[in-house]
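Q: I am new to this structure and would like to go through it step by step. Could we look at it together?

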Amino acid sequence: GSSAAVAAVAAASSDAAELDAFAASATARAGEYDERVDSNVERAVEPVGPRNYIFDAGQSRRIRAELFKVIDSSDVVVEVLDARDPLGTRAPHAEEFLRREAKHKHLVFVLNKCDLVPSRVTAAWLKLLSREAPTVAFHASITNPFGKGALINLLRQFAKLHADKKQISVGFIGYPNVGKSSIINTLKKKKVCKVAPIPGETKVWQYITLMKSIYLIDCPGTVQPSGNSEEDAVLKGVVRIEQLRHAADFVEEVLRRVKPEYVRRTYDVQAWDSPTDFLEQYGRRIGKLLKGGEPDINAAAKLVLHDWQRGRLPYFTLPPDFAHRADAAAEEGAAAASALPTPKQPGVRGIVTAHKFLPEDEGEEEEGGGGAEGWHLSESSGSRRTPI
């Protein structure tokens with residue numbers, strides 16, 4: 001009996017020692033605990049809302065696959081830019097791929113929708129972009145185009161460079177809604193690609209014969225991955241306006257970018273205290289009302305955003321190095337030493353603009369706007385500029 005009691009006491013003391021050691025270990029590790037990395041803690045899930053499928057348009061794996069399929073199949077890649085915001089509608093990921101993986105392919109910029117900006121702004125952008133690649137000012141229209149002859153002549157020069165091939169392929173890439181399909185229709189002088197004034201109309205690539213030696217490839221619009229905020233996605237035309245739940249949230253930026261004189265002229269609203277006040281006045285004026293006679297600001301906002309995307313509101317951006325003639329003349333001597341030659345594209349002043357711009361915006365066109373017609377292509381020079 002006594003031996004059993006001794007054993008019981010020994011077992012109890014051993015258990016107590018283990019418990020003390022466990023408690024000491026737990027106390028020591030308590031200071032190392034970080035709730036932020038504990039997977040057992042239940043956390044509230046942050047709702048993402050419609051961002052996943054609306055604001056990420058043009059970034060899907062399928063669209064990117066279509067883009068690189070077009071680039072791989074093309075001898076010449078034509079990047080279509082919106083003349084109102086050329087830098088904002090460039091595709092750096094595609095350009096980087098061309099520089100890194102496909103140096104043998106030729107890159108051409110087409111500055112589309114030139115009828116929506118003053119001609120001096122078109123000339124300034126031509127001068128800037130022509131330092132990187134042949135650049136053509138363009139207005140897509142089956143009946144009254146601008147730049148069609150210049151682009152076709154340039155493509156013919158590229159076809160001559162590839163005399164070893166029976167034909168060359170020309171791929172058109174760029175942001176949604178910049179007018180890629182419209183340019184192809186203009187070159188063909190008939191509707192061969194489905195077009196609409198909304199982004200995402202082209203779903204898959206299309207192969208079109210321009211002439212015996214030149215084939216054209218139309219590509220769905222692609223957006224730089226993670227390169228745009230929700231505001232950018234809407235104002236660059238990536239998002240379909242009818243899918244927006246809170247369209248009024250984006251009108252403030254439109255009113256900031258567009259000069260008040262153009263807003264007054266377009267909507268006949270003379271003064272406003274805030275974007276909401278503007279939408280209320282505009283909603284009442286056009287009869288967009290809710291029950292009780294309250295203005296439907298969301299419906300009014302969608303109409304404003306539609307006007308923005310379709311070019312009914314005069315707006316444009318200036319090149320980073322843009323200067324008025326008086327300032328440019330003083331810098332011309334210093335710039336001439338470092339800048340590449342900038343032969344002008346004849347006829348830029350002949351573009352018939354869709355808007356009547358303010359005198360301060362019209363200004364005077366810069367001489368020597370650059371462009372594709374000042375480029376001479378040869379086997380040795382590739383796409384580099386050589387004076388002619």
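Q: Leaving aside its neighbours within four places in sequence, which residues is Val170 in contact with?
A: This is a predicted model. In it, Val170 is in contact with Ser74, Val76, Val78, Leu155, Ile214, Tyr215, Leu216 and Ile217.

Q: Which residues have the most contacts inside the largest nonpolar core?
A: They are Val170, Phe172, Leu187, Leu216 and Leu305, in a core of 89 residues.

Q: Turning to strands, how do β5 and β6 pair?
A: Strand β5 (residues 206-211) pairs with strand β6 (residues 214-218) in the antiparallel sense, over five bridges. The two form a hairpin with two residues between them. Within this pairing, Tyr207 has Ile217 in β6 as its bridge partner.

Q: New topic: how many salt bridges does the count come to?
A: The count comes to 15. One of them joins Arg90 and Glu95, with the closest N and O atoms 2.7 Å apart.

Q: Are Arg90 and Glu95 buried or exposed?
A: Both Arg90 and Glu95 are buried.

Q: What about Lys259, which residue does its side chain meet in a salt bridge?
A: The side chain of Lys259 meets that of Glu360, at 2.9 Å from N to O. This pair links distant parts of the chain, 101 residues apart: Lys259 is in the loop between α8 and α9, and Glu360 is in helix α13.

Notes
Residues numbered from 1 in each chain as written. Predicted model: local features only at pLDDT ≥ 70, side-chain atom pairs only at ≥ 80, totals over all residues. Heavy atoms only, no water. Pairing = 2+ DSSP bridges. Helix = DSSP H or I, 4+ residues; strand = E, 2+ residues; numbered from the N terminus. Core = buried A, V, L, I, M, F, W, Y, C linked by side-chain atoms within 4.5 Å. Buried < 20%, exposed > 50% of the residue type's maximum accessible area, 1.4 Å probe, protein only. Contact = heavy atoms within 4.5 Å. Salt bridge = Lys/Arg side-chain N within 4 Å of Asp/Glu carboxyl O.
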